[in-house]
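Here's a quick briefing to read alongside the sequence and the 3D view. Take a look at both, then work through the notes below.

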Amino acid sequence: MSKSTDSGVVTKSDLRGPSSSLKSSRQEYTSDSQPTGLVQDQTKRSWRSYVWDTLDKSPQERRFLFKLDAVILTLASLGYFIKYLDQVNITNAFVSGMKEDLKLFGNELNYMQTCWTVGYVIGEIPSNILLTRIRPSIWIPACEVVWAILTILLAKCKTTTQVYVLRFFIGLAESVFYPGMQYIIGSWYRKDELAKRSCIFHASGAIGTMFSGYLMAAVYKNLAGVGGFKGWQWLFIIDTVISLPIAISGFFLMPDLPEITKAWYFSADEITLAKERMRLEGRAPRAPYTKAKFKKIFSSWHIYLLTALYILFNNGNGASGQPAFQLWLKSKGHTITEVNTYPTITAAITVITTLIYAWTSDTVFRGARWPPIVFSGLVNIVIYSSLAAWNIPDGWKWACFFLAGFGGGISGLTFAWAHEICGDDNEERALVTGTMNEMAYVIQAWLPLLIWQQVEAPVYHKGYMTSIFIAAAMILTAFLIRFLHHKERAKKLLAEEQNA
């Protein structure tokens, strides 16, 4: 039995012999020696696949993937862009006049973020379970429309209570999108394609953060006072104008899942091709939830360790997730435009490193997800150790706030890893990915109230110290998952070899 030296994964080809039933089961699409059909079990890779993975596939599969990428990546990226735009706008508004106009001089910003998080947490797992029963093309766009409409109502808020209530329901509506789209991406793409798509999707969130900063700067300069609205109020109005058309387009373009898709842009042959791709990948179709299935899911390490990994990632990037950089800039006397635009450099670094992580994981590391995760954890240890000391040269402090973007790019890899580990059970995959996001935000609902208190800005010593230990724990968890997954794959493939 052989093992991949880079990824640590035992593959089916390691166990496949000349008379393997796996070969004969796919003869409609491939032959043993020449890939004459539409899809291959394992694509022969050349240097071109290091640029983009479809270049080594058959013309039919390339055409199908071009359509799939055009639709899913566009909907996922634009949808996540508006989700983040409508999620982080509260921070941009806060540092651009909302704090003074609504007299938010305590920890109100923390409470606004917590209200959003509580709504997000409540909605995630039920939403992902619903996605295995109803069409995503109905559920996801409907929730997008709801949160877009609620966002514009923030412009009319006069009290903190009104903001708290709206933020809760915006979080509830937004809870469907990220785990839902990760579930859909995992239902269409194969292992050598998954990390790049998942990370491109995730990078659009950082782009949304960047755009919100630029938009707030432009709105503050050009629209403040127009129509009787302050600059921060105009931000919420414009965010809704941007969000609604994107949300509505999902009703017409989202392809659902391969086994139930009615997408008008796919032919019958392409739908058959999509199903065969997932069968060869071992990605199970939808099945009923049963007592035995729940017992299997909750007795496995998958749901616990993958959730722990995402909790550590999601709560270990406070320098970019909290307004630490913005509030430090404000304390140094920078202008509103500078306070909103300089932190976008961190988001730009997150976009770049996200794509680097994805490409290296799929190519250089041959499908291994853990190396970029470990690297980002090591960078976080250096950054947060420096910020915890605080009395460091301002030049290095600037660098630390910018380099915090290195830690934000691994979300897509953690979900790609979860799709692969849980690939043989569709309902487990949906529940695990939903739980990963859910529990990450459960922790985020209360942890910032302890370690990222607004009244301690911009020093945040407790936050930076906690982030050091979170980064170390994330590295250890990644190594443990790698060990257990490798052990599980070896056991499963040995059983297949014996049965064959």
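**Getting started**

Cys422 is buried, with a relative accessible area of 0%; here buried means under 20% relative accessible area, exposed means over 50%, and partly exposed is in between, using a 1.4 Å probe and protein chains only. Keep in mind that this is a predicted model, where local features need pLDDT of at least 70 and side-chain atom pairs count only at pLDDT 80 or more, while totals for chains, interfaces and linings use all residues. Residues are numbered from 1 along each chain as its sequence is written, and side-chain values use heavy atoms, with hydrogens and water left out.

**Cysteines**

- The structure holds zero disulfides, a disulfide being a pair of cysteine sulfur atoms within 2.5 Å.
- Cys157 is in no disulfide, and its nearest cysteine sulfur, that of Cys115, is 12 Å away.
- Cys157 is also buried, at 4% relative accessible area.
- Cys422 is in no disulfide either, and the nearest cysteine sulfur there belongs to Cys199, 17 Å away.

**The nonpolar cores**

- The largest nonpolar core has 129 residues; such a core is a set of buried Ala, Val, Leu, Ile, Met, Phe, Trp, Tyr and Cys residues joined through side-chain atoms within 4.5 Å.
- Helix α2 (residues 59-101) gives this core its largest share, 18 residues. Helices here are DSSP runs of H or I with at least four residues, strands are runs of E with at least two, and both are numbered from the N terminus.
- Apart from that core lies another, of five residues, with Ala203, Ala206, Met210 and Val351 among them.
- Which residues have the most contacts inside the largest core? They are Met98, Ile184, Trp188, Leu387, Phe401 and Tyr464.
- Leu387 touches Ala319, Lys397, Cys400, Phe401 and Tyr464, leaving aside residues up to four places away in sequence. Contact means heavy atoms within 4.5 Å.

**Two helices side by side**

- Two packed helices are described by the angle between their axes and the distance between the axes.
- Helix α11 (residues 302-314) and helix α18 (residues 411-421) pack at an angle of about 175°, with their axes 10 Å apart. The axes are lines fitted to C-alpha atoms, for helices over the stretch in contact, and angles run from 0 to 180 degrees between N-to-C directions.
- α11 and α18 are therefore roughly antiparallel to each other; that label goes to angles over 145 degrees, with under 35 being roughly parallel, 65 to 115 roughly perpendicular and the rest oblique.
- On the α11 side, His302, Leu306, Leu309, Tyr310 and Phe313 meet Ser411, Thr414, Phe415, Trp417, Ala418 and Ile421 of α18.
- Sorted by class, the contact of α11 with α18 has eight nonpolar, three polar and no charged residues. Ala, Val, Leu, Ile, Met, Phe, Trp, Tyr, Cys and Pro count as nonpolar, Asp, Glu, Lys and Arg as charged, and the others, Gly among them, as polar.

- Most residues other than glycine have a negative phi, and most peptide bonds are trans.
- The peptide bond from Ala457 to Pro458 is cis, with omega near 0°, and Pro458 is in the loop between α19 (426-451) and α20 (461-499).
- Arg366 isn't a glycine, yet its phi is positive, near 55°; you'll find Arg366 in the loop between α15 (344-362) and α16 (370-389).
- Trp390, also not a glycine, has a positive phi near 65°.
- Trp390 is in the loop between α16 and α17 (394-403) and is buried, at 13% relative accessible area.

**Other spots to look at**

- Is Asn391 buried or exposed? At 74% relative accessibility, Asn391 counts as exposed, and its place is in the loop between α16 and α17.
- Asn391 and Val459 are 68 residues apart in sequence and 9.8 Å apart in space, C-alpha to C-alpha.
- Tyr342, in the loop between α14 (336-341) and α15, is partly exposed at 28% relative accessibility.
- Tyr342 and Tyr214 are 128 residues apart in sequence, with 9.4 Å between them in space, C-alpha to C-alpha.
- Tyr342 touches Phe325, Leu329, His334, Trp398 and Phe402, not counting residues up to four places away in sequence.
- Thr240 is in helix α8 (residues 231-253) and is buried, at 5% relative accessible area.
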